[in-house]
Amino acid sequence: MKTIQDCPLTSREMILMIILFTFGSSVVIGVNASTKQDSWICLLIGAAISLPVYILYARIIQLMDGQDFFTSILSWFGEIPGRIVISVFVWYCLHLAAVVLRNFTEFMEIVAMPETPQIPIMISLLLVSAYLCKSRIQVIGQWSVVGLYVTSIIVIVTVLSTTSYMQPQNLLPILEHSTPEIMKSSYQIFSFPYAECVILLPLISAIKRANPYKIFLNGLFFSTLVLLVVVLRNILCLGAQLMEAEYFPSYSCARIMEVGNFLSRIEGSISVNFIVAGLTKITVCLYSGTLGAAKILKASNKLDLIIMPIFMFTLMLCAISYDDAVQMFDFVEVYPLYALPFQIILPLVIWLTGEWRTRSQKLTSSPTTQQAT
């Protein structure tokens, strides 16, 4: 059975995966709109806050020196503490997969299929994600390339189609909100979606001779560019009040667009973006979680046997996450506090331990080398 190191991935594919992963469920729910017309400023501040965190993630990968992420954790922390750290990471991967999946099923129920139970939709999306996981990281990378091209084209089309509805005065007044409000909204955007890229750490080892700094920083730049275009489009077309009131502002914006004078109400096209980006995010979460679970169970060579139990656990978690869309959006408000240990504290602990272990190994190997000479 091939491991993730035996399935090479290019840096370009990983960058595109980061962009599509970041696009993910944020294209459905939208970035935090509590600051209304100042949301685009909060987006840029959130991206700036993400910069040192992405550098931290890249440094962790660099310390692993080409070794598997979970193998390095076991090596740095020891057997029992390492398995505890991996278990915490796996929980976040699977819970995030369940949350993203529920975002999409709630969206489908509200805008398209109000009388259809959500369970069949959950199973359908998870089966596709499970298939991509069984196909390994190479196929996920190729899917990301195609998926990003598709979503980018649709974003460009929707922007061009809504140009006649854009009103620049919707951006005014600039910086109307207080500094605490802007910083709170910026941190929420940092937490969702930027810092969720911690999920991608186990997958970077599939890239041979990778430059993790280049991968993360390029991913941050281009994902911010895409999200900025989407946020500005929504503000300019819908206005601050309507954008804040809508559950799914991107979908509402697409409902008013026209192509020429003959083609309108083509909001179904925006659903393609939701499905492609959502499947990518769910698949990455499931794959990282499956790799971690396989390492805990000492079954890294039996990944296919673990995927389906992971699939069933995620399905159960998705079904019990919320009662309705109101609870889902309430959780979005408290999500930054919930995600803080997984996105910042846990990587910080891993980094500090990795630095200490790496320097200790260098110090112990230096006297041995000198004696040998």
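Here are a few friendly notes on this predicted model, meant for someone meeting the structure for the first time.

1. Let's begin with the cysteines. The structure holds zero disulfides. A disulfide is a covalent bond between the sulfur atoms of two cysteines. To count as one here, a pair of cysteine sulfur atoms must lie within 2.5 Å. C197 is in no disulfide, and its nearest cysteine sulfur belongs to C285, 9.9 Å away. C285 is likewise in no disulfide; for C285, the nearest cysteine sulfur is that of C93, at 6.3 Å.

2. While you are looking at these cysteines, check their surroundings too. C197 has a relative accessible area of 0%, so it is buried. C285 also counts as buried, because its relative accessibility is 0%.

3. D323, D324, D330 and E333 form a negative surface patch. One of these residues, D330, sits in helix α14, which covers residues 325–372. D330 counts as partly exposed because its relative accessibility is 47%.

4. Finally, turn to a loop. P168 lies between helices α7 (136–161) and α8 (179–191), in the loop that links them. With 57% relative accessibility, P168 counts as exposed.

How values were computed: Residues are numbered from 1 along each chain as its sequence is written. This is a predicted model: local features need pLDDT of at least 70, side-chain atom pairs count only at pLDDT 80 or more; totals for chains, interfaces and linings use all residues. Side-chain values use heavy atoms; hydrogens and water are left out. Patches are made of residues with over 30% relative accessible area and no salt bridge: like charges are joined within 9 Å, nonpolar side chains (Val, Leu, Ile, Met, Phe, Trp, Tyr) within 5 Å. Accessible areas come from the Shrake-Rupley method with a 1.4 Å probe; for residues, only the protein chains shown count as cover. A salt bridge is a side-chain nitrogen of Lys or Arg within 4 Å of a carboxyl oxygen of Asp or Glu. Lys and Arg count as positive and Asp and Glu as negative; His and the chain ends are not counted. The place of a charge is taken as NZ of Lys, CZ of Arg, CG of Asp or CD of Glu. Helices (H or I, at least four residues) and strands (E, at least two) are DSSP runs, numbered from the N terminus. Buried means under 20% relative accessible area, exposed over 50%, partly exposed in between (1.4 Å probe, protein chains only).
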